[in-house]
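Here is a friendly walk through the model, with the sequence and the 3D view to hand. Keep both open as you read.

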Amino acid sequence: MADSQSQFLRSMDWDWFFEFLKGMLKPLAALAVVLIAVVLSFMQNLGLEKEMVYSIFRAFLQLSIIGFVLQFIFNQDNSGWIILAYLFMVSVAGYTAGQRAKHVPRGKYVAGVSILAGTALTMFVLVVLNVFPFTPRYIIPVAGMMVGNAMTVTGVTMKRLRDDIKIQLSLVETALALGATPRQATLEQVKRSLVIALSPVLDNAKTVGLISLPGAMTGLIMGGASPLEAIQLQIIVMNMLIGASTVSSIMSTYLCWPAFFTKAYQLETRVFASD
């Protein structure tokens with residue numbers, strides 16, 4: 001039994017692993033700039049040294065693991081792995097966005113469903129229009145960018161909507177007493193929360209390429225692609241981020257209403273009681 005195991009290990013191609021270790025020399029060298037940050041934090045008595053070290057170690061570990069996972073998925077000819085990876089990203093994003101809007105009842109569920117709806121619709125349109133082929137090498141990175149962006153926008157929308165309704169509680173109650181529906185009574189709060197949440201995405205689209213080069217474009221250029229090819233991909237990325245974020249944020253406002261109001265069109269005071 002031991003002989004067969006040793007023969008199996010010898011038969012495996014370990015070149016990829018040694019190449020990985022060799023490639024990690026540059027990331028390890030880049031730790032020098034983190035060391036500078038740690039020293040500065042210590043000199044300024046910020047107390048962030050441990051958190052900096054922990055953060056960079058966690059990032060190193062997470063990215064290494066996801067790198068091996070993606071390598072495995074890319075080598076599989078099975079679309080099920082794409083969907084599984086996508087649902088995992090949506091689950092984590094829903095949990096994170098729900099944590100931001102912790103005072104919204106079932107916030108994690110609301111965020112997860114909203115992110116799923118926005119990103120799935122956007123990705124479906126892109127695949128149908130043949131912008132991206134339905135393969136792991138394209139869909140997983142694209143889905144990751146959309147889910148991450150939708151997570152931030154959805155979390156801000158939910159938190160801001162709840163906080164605005166709480167601040168203007170008497171105004172909303174007056175509108176309800178005069179016969180307004182929950183949607184009519186909170187129309188201004190919904191608009192304000194959506195504008196605030198989506199503004200960074202739109203501002204980023206307005207200034208893309210003028211202030212800094214986006215990650216996708218930078219990665220392509222550093223990988224050897226021509227700047228014109230990188231620009232084409234970046235335009236697609238900006239379009240899909242705006243689309244997914246808008247759908248996800250609007251969906252979250254619709255899913256929040258049942259938690260904010262009773263069936264009799266009255267405010268759920270317990271939702272707005274805590275800070």
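## Two annotated spans

Let's begin with residues 20–43, whose end C-alpha atoms lie 35 Å apart. This span is 92% helix and 0% strand. Keep in mind that you are looking at a predicted model. For residues 55–74, the end C-alpha atoms are 28 Å apart, and the span is 100% helix with 0% strand.

Both spans come from a UniProt record: the unreviewed entry places the feature "transmembrane region" at residues 20–43, 55–74, 80–97, 109–132, 138–158, 207–225 and 231–257.

Helix 4 covers residues 31–43, which makes 13 residues. From its first C-alpha to its last it reaches 18 Å, close to the 18 Å expected at 1.5 Å a residue.

Just after helix 4 comes N45, with a positive phi of about 55°. N45 takes this positive phi although it is not a glycine. You will find N45 in the loop between helix 4 and helix 5. Is N45 buried or exposed? With a relative accessible area of 70%, N45 counts as exposed, because the cut-off for that class is over 50%.

## Another positive phi

R106 is a residue other than glycine that has a positive phi, near 55°. Its place is the loop between helix 6 and helix 7. R106 has a relative accessible area of 52%, so it is classed as exposed.

## The largest pocket

How much space lies in the largest pocket? The volume is about 910 Å³. Helix 5 (49–74), helix 6 (79–100) and helix 8 (136–167) are the elements that give two or more residues to its lining. Helix 5 provides the largest share, with 11 residues.

In total, 25 residues line this pocket, and L63, I66, F88, M89 and G144 lie nearest its centre. By residue class, the lining holds 18 nonpolar residues, six polar ones and one charged one.

Helix 8, helix 12 (215–222) and helix 13 (227–260) each supply at least two of the lining residues.

Which classes of residue make up the lining of the second largest pocket? They divide into 13 nonpolar, one polar and two charged.

## Two residues to look up

T122 sits in helix 7, which runs through residues 107–128. Its relative accessibility is 11%, so T122 counts as buried. Leaving aside neighbours within four places in sequence, T122 is in contact with M146, M240, G243 and A244.

N204 belongs to helix 11, residues 187–207. At 41% relative accessibility, N204 counts as partly exposed. How far is N204 from P214, taking the C-alpha atoms? These two residues are 10 residues apart along the chain, and their C-alpha atoms are separated by 9.4 Å.

How values were computed:
Residues are numbered from 1 along each chain as its sequence is written. This is a predicted model: local features need pLDDT of at least 70, side-chain atom pairs count only at pLDDT 80 or more; totals for chains, interfaces and linings use all residues. Side-chain values use heavy atoms; hydrogens and water are left out. UniProt positions are given in the numbering used here, feature names are shortened, and annotations may be inferred rather than shown by experiment. Helices (H or I, at least four residues) and strands (E, at least two) are DSSP runs, numbered from the N terminus. On a 1 Å grid over the protein atoms alone, a cavity is a set of points where a 1.4 Å probe fits but cannot get out, and a pocket is an open set with protein on both sides within 12 Å along at least five of seven lines; lining residues have an atom within 4 Å of a point. Grid points are joined across faces, edges and corners, and a volume is the space filled by probe spheres set on the points. Ala, Val, Leu, Ile, Met, Phe, Trp, Tyr, Cys and Pro count as nonpolar, Asp, Glu, Lys and Arg as charged, and the others, Gly among them, as polar. The expected span of a helix is 1.5 Å times one less than its number of residues. Buried means under 20% relative accessible area, exposed over 50%, partly exposed in between (1.4 Å probe, protein chains only). Contact means heavy atoms within 4.5 Å.
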